[in-house]
Amino acid sequence: MKVTTAALPLLPLFQRLLPGLPALPGLSGLPGIPGLPAIRGLSDVAALPGRLTGLSLTLLKASALEAAILAGHLLLYPSGIVQERRPVQALRPTGPRDAQDDAQPSPQPSRLPVPVSPPVVLLHGFIDNRSVFLLLRRSLVQHGRHEIESLNYSPLTCDIRTAAELLGRHIEEICERTGSERVDVVGHSLGGLIARYYVQRLGGDRRVRTLVTLGTPHAGTRVVPLANAHPIVRQMRPGSAVIEELTGPAPGCRTRFVSFWSDLDRVMDPLETACLDHPDLSVENVRVSGIGHLALPVHPTVATGVRQALDTAEPEAGSETATDTDERAGGLTIA
């Protein structure tokens, strides 16, 4: 009886943990325990170990994937050091055979007009090169995007503004060579910030139709304080002069922004810094769950999301705000 009496204060706890617990013999006539409050949220506490286990497994898989991608990228890195060769437009040879063909043209089946997509420009991140886009580029080509160019900027670049000016010159050359009025840009990490500076501060919205950013520190990141020795890292810190410039007004900006951010991106501190929030910009933020920073330009699920973002018709000017779009933003869950 002494043991039973000592366990009485724990009885309500046991009954909450085990709702189907039957009444114990000899205790039905005992009065309630006064002053013992109901314990709320106990089911959430009970489920916490399972949730932590699931998070740990997800984090473990994401970390293993990051390590594998890093190893593969180190092997491919030398192949992307040299700037990509610009394609040369081939001229059709003329001669007697062409004249004969023109005189007796062969019947051609009628075809529906194919929509022409603008060229895609890929811009890598900090201390990286165009080799990071090998798989994304292949995915874009397989789905009909044939005008794709990867740009390298020097790892010695010390100013985002200078890199943005260089990007602008490259884009002007691409438009002149291809005859296209506008391009789409996909930027990973720092590359997205460089492209955004070009669009917002250098009039690049005239040339860039859609800017897709992958793990870009739009509001600045506090990760790895020791990296402040590099000037361009200091420009990626919260409150830097470049970040403050980008938070300034951008009325009438014609570029559509799609920002992919990952909830396991350890390069972003805080994680939400990879979300783009600006009242003057047309923005869609897409949350990616299950992968880290290096996997964003590599994973096939993200590649599918990038293709969909580029294929989406651009909204009319002023038709939506960043807040409206964020409420409809989707997400990608990667197992």
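Which residues make a nonpolar surface patch of about 230 Å²?

1. Leu 76, Leu 134 and Leu 135 make this patch. Patches consist of residues with over 30% relative accessible area and no salt bridge, where like charges are joined within 9 Å and nonpolar side chains (Val, Leu, Ile, Met, Phe, Trp, Tyr) within 5 Å. Leu 135 belongs to helix H5 (residues 134–142) and is partly exposed, at 42% relative accessible area. Here buried means under 20%, exposed over 50% and partly exposed in between, with a 1.4 Å probe and protein chains only.

2. On the basis of the model: it is predicted, local features need pLDDT of at least 70, side-chain atom pairs count only at pLDDT 80 or more, and totals for chains, interfaces and linings use all residues. Residues are numbered from 1 along each chain as its sequence is written, and side-chain values use heavy atoms, with hydrogens and water left out.

3. The largest pocket holds about 640 Å³ of space. Of its 29 lining residues, Phe 126, Ser 189, Val 267, His 293 and Leu 294 are the closest to its centre. By class the lining has 17 nonpolar, eight polar and four charged residues. Helix H3 (residues 42–76) gives the most, with seven residues. A pocket is an open set of points on a 1 Å grid over the protein atoms alone, with protein on both sides within 12 Å along at least five of seven lines; in a cavity, a 1.4 Å probe fits but cannot get out, and lining residues have an atom within 4 Å of a point.

4. There are two cavities of 30 Å³ or more. The largest has about 50 Å³ of space, and helix H6 (residues 160–178) supplies the largest share of its lining, four residues. That lining has seven nonpolar, two polar and no charged residues. The second largest cavity has a volume of about 40 Å³, and its lining includes one charged residue.

5. Some backbone angles deserve a look. Most residues other than glycine have a negative phi, and most peptide bonds are trans. Ser 189 has a positive phi near 55° and sits in the loop between strand E3 (183–188) and helix H7 (190–201); Ser 189 is buried, at 10% relative accessibility. Val 224 has a positive phi of about 50°, but Val 224 is partly exposed, at 48%. The peptide bond from Asp 269 to Pro 270 is cis, with omega near 0°.

6. The structure holds 15 salt bridges (a side-chain nitrogen of Lys or Arg within 4 Å of a carboxyl oxygen of Asp or Glu). One of them joins Asp 311 and Arg 145 at 3.3 Å, N to O. Asp 311 lies in helix H10 (residues 300–311) and Arg 145 in the loop between H5 and strand E2 (148–151), so the pair ties together parts that are 166 residues apart in sequence. Asp 311 is exposed, at 55%, whereas Arg 145 is buried, at 6%.

7. Arg 287 and Asp 263 also meet in a salt bridge, at 3.2 Å, N to O. Arg 287 is in strand E6 and Asp 263 in the loop between E5 and E6, 24 residues apart. Salt bridges that share partners also join Arg 145, Asp 184, Arg 209 and Asp 311 into one network.

Definitions and conventions
Points joined across faces, edges and corners; volume = space filled by probe spheres on them. Helix = DSSP H or I, 4+ residues; strand = E, 2+ residues; numbered from the N terminus. Nonpolar A, V, L, I, M, F, W, Y, C, P; charged D, E, K, R; others polar. Areas by Shrake-Rupley, 256 points an atom, 1.4 Å probe, with all protein chains shown as cover.
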